[in-house]
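Please view the sequence and the structure together while reading.

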Amino acid sequence: MKTINRQGLKRRESRHIKELGEVVYKHVKVNAKDYLILSIIFIIGVMIGVVIINNSDENSKTELNGYINSFVNTIKNEGLEIDRVQLTKETILKNLKLLILIWIAGTTIIGIPIIYLITIYKGVSIGYTVSAIMLTLGNWKGFLFSISALFLQNIIIIPIILMLNVSSLKLYRVLIKKDRTVSIKHELIRHTALCVVLIIPIILAAIISGFVSSNLILYFAKAY
């Protein structure tokens, strides 16, 4: 009986996952143009971040190298205690503030430029950070350190930001009456519901940042 129940549970879970995948696929397909535009803007932001580092004056590069080397040496020689619970809480709070900002921007016509600014700013911050680390630690070691520090949580956060921004643009079109097939109330509820649902992966990304990425940072810093 227990075996049958487990098999039934697994089938239901598999069906739910498949249905969720279909919903996400349909959403991306319907809004492919917006995803493409925002992805290009994000990539442009990354490139800008790289250009900023490469064109910084020597004093700025020296200060940046000193800061990163000091951080790495503190981990290697003195040890660094990380309050993972506090780090997780701070990351959740920061990401929730971003989510609320996107929600507000999506519900007002004048807030739409904020959507593009958030997208490009996220790209700039990642491009700048990765370039700064690689400039200081070298290409290979800097790349590994950047992966440990940024990759795991951002592989969740970046799609969330893109999804929220696309949802905001969709709501914006309804607000300015370009799309009359959907009511403003319906679209506002949909946009709000999406924001609420995405709190779960936002919390997951924060937990990964606090308990997984922090350990990887310590490991690669000590191995450097």
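**Overall fold**

The model is predicted. Its secondary structure consists of 8 helices and 0 strands, so that DSSP runs of the protein read α-α-α-α-α-α-α-α from the N terminus on. Of the 224 residues in the protein, 34% are buried. The accessible surface amounts to about 13900 Å², and carbon and sulfur atoms account for 67% of that surface. When contacts between residues at least 6 apart in sequence are considered, 81% of them join residues at least 24 apart.

**Helix 6 against helix 7**

How are two packed helices described? Helix 6 spans residues 139-175 and helix 7 spans residues 184-197; the two pack at an angle of about 170°, and their axes lie 9 Å apart. Helix 6 is therefore roughly antiparallel to helix 7, because angles over 145 degrees are counted in that class. On the side of helix 6, the contact includes Met163, Leu164, Ser167 and Leu171. On the side of helix 7, the residues met include Ile184, Glu187, Leu188, His191 and Leu194. By residue type, the contact of helix 6 with helix 7 divides into 9 nonpolar, 3 polar and 3 charged residues.

**The nonpolar cores**

In soluble globular proteins, nonpolar side chains tend to be buried together. In this model the largest nonpolar core has 27 residues. Which of them touch the most other members? They are Leu38, Ile102, Ile160, Leu164 and Leu198. At least two residues of this core come from each of helix 2 (32-54), helix 4 (84-106), helix 5 (112-137), helix 6, helix 7 and helix 8 (199-223). Helix 6 gives the most, with 10 residues.

Not counting residues up to four places away in sequence, Ile102 touches Ile115, Ile118, Ile161, Leu164, Asn165, Ser168 and His191. A second, separate core has 11 residues, among them Ile53, Val72, Ala132 and Ile133.

| Residue | Relative accessibility | Residues in contact |
|---|---|---|
| Asp34 | 7% | Val166, Leu169, Arg173 |
| Gly123 | 0% | Phe42, Gly45, Val46 |
| Ile118 | 9% | Leu98, Leu101, Ile102, Ile161 |

Are these residues buried or exposed? Asp34 counts as buried because its relative accessibility is 7%, and buried means under 20%. Gly123, at 0%, counts as buried, and Ile118, at 9%, counts as buried.

Gly123 and Val50 are 73 residues apart along the chain, yet their C-alpha atoms are separated by 9.8 Å. Ile118 and Leu162 are 44 residues apart in sequence and 9.7 Å apart in space, C-alpha to C-alpha.

Note on methods: Residues are numbered from 1 along each chain as its sequence is written. This is a predicted model: local features need pLDDT of at least 70, side-chain atom pairs count only at pLDDT 80 or more; totals for chains, interfaces and linings use all residues. Side-chain values use heavy atoms; hydrogens and water are left out. Axes are lines fitted to C-alpha atoms, for helices over the stretch in contact, and angles run from 0 to 180 degrees between N-to-C directions. Helices (H or I, at least four residues) and strands (E, at least two) are DSSP runs, numbered from the N terminus. Angles under 35 degrees count as roughly parallel, over 145 as roughly antiparallel, 65 to 115 as roughly perpendicular and the rest as oblique. Contact means heavy atoms within 4.5 Å. Ala, Val, Leu, Ile, Met, Phe, Trp, Tyr, Cys and Pro count as nonpolar, Asp, Glu, Lys and Arg as charged, and the others, Gly among them, as polar. A nonpolar core is a set of buried Ala, Val, Leu, Ile, Met, Phe, Trp, Tyr and Cys residues joined through side-chain atoms within 4.5 Å. Buried means under 20% relative accessible area, exposed over 50%, partly exposed in between (1.4 Å probe, protein chains only). Accessible areas come from the Shrake-Rupley method with a 1.4 Å probe; for residues, only the protein chains shown count as cover.
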